[in-house]
Amino acid sequence: MLTYTIRRLILAIPTLLFISFIIFLIVKLSPSDPTAGLPLTIPPEVREQIRQSLGVNDPILIQYFKWLKLMLWDEPLHLLEGWTGLNVAPDGARIISYQTRSPVMELIMQRMPQTLWVVGTSYIVGILIALPLGIISAYKQYSIFDQVGTFVSMVGFSVPTFFTGVLFIVIFAVNLGWFPSVYNTTHVVTDWPSFVVQVKQIIMPVMVLGLYNASQISRYMRASMLDNLNQDYVRTARAKGLNEKVVVLVHVLRNSMIPVVTVIALNIPAVFGGAIITEQVFKVNGIGQLLIIAIQGGDVPVVQTVSFIFAVLIVLFNLLADVLYGVLDPRIRYD
Amino acid sequence: MTRYSLLLGATALVLAPAAALAERGSSGHLNIIYWQAPSTLNPYLSGGTKEVESASLVLESLARFDDTGTMVPWLAEEIPTVDNGGVSEDLTSITWTIGDGITWSDGSDLTAADFVFTWEYCTHPEGGCAQASYFDGVTSVEAVDDGTVRVTFDAPTPFPYTAFVGSESPVIQAAQFADCLGARAPECTDANFGPIGTGPFVVDEFRPNDVIELSANENFRFPDRPYFATVTFKGGGDATAAARSVCETGEFDYAWNLQIDPTILSGMEAQGNCTVVTAFGTSVERLHMNQTNPDPSMGDMRSTVAGGPHPYLTDPIVGQAMSMAIDRALIVEIGYGAGGQATCNVLPAPEAYASTANDGCLVQDIEGANALLDEAGIVDSDGDGIREYEGTPMRVLFQTSTNAVRQDTQALIKQWWAEIGIDAELRNIDASVFFGGDPASPDTFQKFYADVEMYTNNFAGVDPQAYMANWLCSDIPGPDTQWQGANIQRFCDPAYDELVAEMAATADLEERGRIARLQNDMLVQSYSIIPLVHRGGVSAHASTIEGILMSDWDSELWNIMDWRRAE
Amino acid sequence: MFDIRGAKKLVEVKDLKMHFPIRSGLLQRVTGAVKAVDGISFDIYEGETLGLVGESGCGKSTCGRAVLRLYEPTSGSIILDGKEIAHAPFDKLRSLRPMMQMVFQDPQASLNPRMTVAGIIGEPLSEHSKMTGKERLERIYELMDAVGLNRDFANRYPHEFSGGQRQRIGIARALALNPKFIVCDEPIAALDVSIQAQVVNLLEELQDRLGLTYLFISHDLSMVRHIADRVVVMYLGKVAEIGPRDGLYEDPLHPYTQALLSAVPEPDPVSHDNANRTILEGDVPSPANPPKGCNFSTRCPRVMDICRQIDPEVREVKPGRFVACHLYNETTPETADNAAEPAEA
């Protein structure tokens, strides 16, 4: 398993380099201009000067290698310095956002907490709803519970979050006034009342995303349980005279969890990626909002860096999912 | 009039007796939402409205424009003029006197050196300063003494109130930005995100594209202001959500740029929690009629002067009929609501420059338009419902940027034009491409590979001289200039060029007004440009906030120090 | 050969029905039933092997599972060692589980892939006995020895074994609680021919040693002839014929049994080719919609009018020989004779 993991990690390096280059080309070759968002009152000469100062006009390959060097060498050193306090970071050069003229990594670090809070919590909530829902739905296939569960997850899966999000705001923020419609990213939890405030402001985005996640995972859970419930080994377990609870929760569930756990692991990068629409609707301003604003503003360094980090996370979590599969399923061996 | 007397006068007028009792911080906390979030607080590094307006809470300039477009001395003692000797007789320099006892929020004195530094900062060749045009023609900024700044121009400048006037060119602190010149500007993240200013508030925390936390400046020159102790300046979401948070949930006190369906906004206002405010500047939604030939068969000569004139849009009769067919009031009602007024002028404001000669277009007259065309012999000769102009069927390609209101407007205009026998093919282009200015793209508004296009343009500040110079013959975009140039409809008239030159040599404000109106009438009556809607900024504030004087000539938040919460 | 005279009945199945609901439509309502097992009765004597044969899909496996209450039977009764189990409550059933066990067709699928051999064999022990860990391990080793598995493999997972070894694990697991009665559901069908004999021999050896009673379900008539004492022939959810092995194989009574047996390949090519085969025409009807009258009437080479009207009952036509066919029905001798003659001619 260890050699397998190491081999996969080594193989990931050319993959990621290739991905980074492709992302770079896509971003660069698409028609985007960092000055396009400026008012028309700013004359073309000034725009040209701005582009010049941003380095937009350098040859593409040079821009790419500049970025690559910063991404792979300077930024990790800055990260190291931030963590250890050692003075190892080189002066000056960092990946700079066109829009804010500040280091992209600092933007990402600033956005990470609220994204992890909101999207991460919603993922956990989604899983906590999905697993029992999927298990009971499968065990009582075609029951009222299953029919209702199927309907709810179909709705949750197909109704877009920009609709559910706004619906939630209109009901719970405008009409009932229970929760705020705008997420306060500067809120710090220090005591019980401030924790209550945090729960109140997080509950709507978490539920909107959580329902979506839950519908997706509960479908996987149900399908996987159904696959296993009809297996002979379940009959064997019953023939052994085991308690039904043991049969379902030990024999069936443990085997059904294998594909579900890998699906959950594969989706974790999406947690870091944030949720562009939900973040926008609730003004959470996390990674998703950072990315969409950067795309709209032609902010190539941000788009490039955020996408590259996603690519790294996706590659890593794919590996993790494969390793987990090997751990959970004794039939799989990586040698 | 001096700075103090004017401000006190204005305050007394607006705030009624209670103002005298209020003191700094007495109104507590103010929540502002800008649905587009500021990405930096250094307006020299980003020219966007959101950055300029958020920075205006912290950074100030020598003079600002109030809600009527009148210049108000701000950091300056008074507005320099030729009469009071502040502006030199030859119109090549202006000398500002800085008000007494003004300090930065860190307690240090504001001196003329800071202005000199600001000029150096923005004109550094490697800096990519977004507001460089405010220093156009400035040959030097010098500190006559600690309290006096002289700005010298390379030519007579009848309207010298550009550098250090308005929210776009505020003064920044030399001490803070000393190491941030030119290419090093992006390294000064702390300074860019938390500039030290002279304004009513100081930055406590700045999160780019997200939120700004500010609190009252302890060293502010007016001991009783600002009335708000702290401000949260939140960004993100969309215009509807921002309106909702002020008018329905009451979480925010002020929301900016509410370009939403007018019926939705008026419905929200009717609930009584908020007041919608508008301010009209110089933005005009207009149609440009291509004076050159955009026929694809022309190849590289498309839409260039060299390619020859347009087969029929150069005839004012055609443009006039097309203008008469349009019901501007309906366009305003459907798409703009409080944020728009029908207009027949390219230059609708300030009032001194607004012509009244063209107001006939405010009433739709399809019959008249048809009669006009018939009379001119432009008729439908082959019976297909489309008129022919000297044998060329009048089918126009009508393009604009992708935007719901613009597409609605396009559809209405297409229908009206159909009624006068002109067929329009509609096209819309993503705004980032349309306004992107990429010389390689065929879809930019500068290339104008269409017969008609629609968008909004305006000018910053109150002086139209530079704006009206857009329509010089020499400013026509073309391949030789990488399609740069502001004369988008390719209008060219030597008489107009003469007026531009006359304007540049005239200092008298009344005379300048006459020339500007003349220029406006000449443009509009050539029917190469058809003004549609005078667009204003639409914002909403909680009914409990007093003292808001919304201005489109400056930052909307220009007088935030006078804002207060009603008891 | 086993002699039923004087032997005790261990299992009595009476009129067992197992119907599966068919759901359809938007709301998945029940709109019909698959009559997988439709009223069958038979007895199994202590110490014997009862073969259960029939074509694929005739309900053999369902019958075997229903007998062990792995399904909830629709109706009927199952008496195991004097105790009714068809409708016994769950707790009582659980205490009866050690007595009756099952060996499944697919040894791969029937073993939980995430449990080791020791876990699979030991789980019923920890569920039904109060053994200490050590005693349990001892018992696991004992069982592994009994089925011919190397003790060293106790901590391996099922997928690491060959098919034959997996079936041995399945048998060891079935034996763990000293059952009296084991349902062998096609235990050799998924194995290589070379392994089949080994497993069958193991089953026979264990039967002799431990006095087990088997219900041996198979579609392999030769294998059933080898192992079974008596044979039940099923067709479309119903019993066609029951009889002692030798009698049934030498003189099949039911036309379906005759057809089945005539299809068994002969080792001698000459007699194989010369055999007078009865080839059945058509397909087995759907168990969701069985024909009226005798289930076999649609394919029977000796079909009579009555067959399409009345479903024949199972009768003892000779001592120990039971058959469900109108040909042997004394109440309709004429039709039976008339119909039988041309077929025999």
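**Helix packing and strand pairing**

The axes of helix 5 (residues 144–158) of chain A and helix 7 (residues 192–229) of chain A come within 8 Å and cross at roughly 135 degrees. Axes here are lines fitted to C-alpha atoms, for helices over the stretch in contact, and angles run from 0 to 180 degrees between N-to-C directions. Helices (H or I, at least four residues) and strands (E, at least two) are DSSP runs, numbered from the N terminus. This is a predicted model, in which local features need pLDDT of at least 70 and side-chain atom pairs count only at pLDDT 80 or more, while totals for chains, interfaces and linings use all residues. Residues are numbered from 1 along each chain as its sequence is written, chains are lettered from A and ligands numbered from 1 in the order in which they are written, and side-chain values use heavy atoms, with hydrogens and water left out.

Helix 5 of chain A and helix 7 of chain A are therefore oblique to each other (angles under 35 degrees count as roughly parallel, over 145 as roughly antiparallel, 65 to 115 as roughly perpendicular and the rest as oblique). On the side of helix 5 of chain A, the residues in contact (heavy atoms within 4.5 Å) include A:Asp146, A:Gly149 and A:Phe157, and helix 7 of chain A contributes, among others, A:Tyr212, A:Arg219 and A:Arg222.

In chain B, strand 17 (residues 452–457) is mostly covered, with six of its six residues buried (under 20% relative accessible area, exposed being over 50% and partly exposed in between, with a 1.4 Å probe and protein chains only). B:Val452, B:Met454 and B:Thr456 lie on one side of strand 17 of chain B, and B:Glu453, B:Tyr455 and B:Asn457 on the other. Strand 11 (residues 274–289) of chain B pairs with strand 17 of chain B in the antiparallel sense over six bridges; two strands pair if DSSP finds at least two bridges between them. Opposite B:Tyr455 in strand 17 of chain B stands B:Arg286. Strand 15 (residues 395–401) of chain B runs parallel to strand 17 of chain B and is joined to it by three bridges, with B:Gln399 opposite B:Glu453.

In chain C, eight strands form an open sheet of mixed pairing, in the order 6-7-8-3-9-10-12-11. Strand 6 (100–103) and strand 11 (315–318) of chain C stand at the edges, each with a single partner strand, so one side of each is left without a neighbour in the sheet.
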